[in-house]
Amino acid sequence: MLIKIEESLKQEKNLVKIAKKFIKDPQMLKPQWVEKGVLEIFDQALYLKKKEISPIWSSPYAHHIIQVLDKKPKQQIPFEKVKQSISGTLLKQRQKALFIKWLDEQSKKGVILKNEAALEKIKVDLL
């Protein structure tokens with residue numbers, strides 16, 4: 001199917017029109033804003049020009065073809081607006097570090113028993 005989509009893109013530059021032929025889920029066709037840092041593959045989209053269509057990109061989740069419909073201008077957010085968010089993030093990082101330290105101390109104090117036979121019986125399917 002990817003080859004058919006790629007061939008269609010060479011003939012016609014309207015990604016939405018082509019996507020409607022191949023994708024039945026309307027949610028997949030809704031335009032979405034992409035922000036830097038969410039997923040590496042989407043960061044690549046930030047370098048596309050307006051109306052430009054990406055080649056087929058693969059991620060751990062799917063294959064992607066992205067067309068830039070619009071771009072938001074860069075903006076500088078005043079510190080007072082992000083102060084609480086930054087404070088919350090730093091607090092969570094500190095709490096996590098303290099928990100990991102505590103957990104490490106507890107694991108050194110305790111005795112850990114491992115039942116190899118039981119562990120071998122557990123089957124986990126990875127995505």
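**Exercise 1.** Find the residues in contact with Leu48, leaving aside neighbours within four places in sequence.

*Solution.* Start with the cut-off: contact means heavy atoms within 4.5 Å. Leaving out those neighbours, Leu48 is in contact with Ser54, Trp57, Ile66, Val68 and Lys71. Before going on, note that this is a predicted model, where local features need pLDDT of at least 70 and side-chain atom pairs count only at pLDDT 80 or more, while totals for chains, interfaces and linings use all residues. Residues are numbered from 1 along each chain as its sequence is written, and side-chain values use heavy atoms, with hydrogens and water left out.

**Exercise 2.** Which residues make up the largest nonpolar core?

*Solution.* First, the term: such a core is a set of buried Ala, Val, Leu, Ile, Met, Phe, Trp, Tyr and Cys residues joined through side-chain atoms within 4.5 Å. Buried means under 20% relative accessible area, exposed over 50%, and partly exposed in between (1.4 Å probe, protein chains only). Next, pick out the six residues: Ile41, Ala45, Leu48, Trp57, Ile66 and Val68. Then look for a second, separate core: it has five residues, including Leu9, Leu15, Ile18 and Phe22.

**Exercise 3.** Is Ser59 buried or exposed, and what does its side chain make a polar contact with?

*Solution.* Check the area: with a relative accessible area of 16%, Ser59 is buried. Now the partners: not counting residues up to four places away in sequence, Ser59 touches Ile41 and His64. Finally, the side chains of Ser59 and His64 make a polar contact at 2.8 Å (a pair of N or O atoms within 3.5 Å; within protein, one must be able to donate a hydrogen and the other to accept it, and residues adjacent in sequence count only if both atoms are side-chain atoms).
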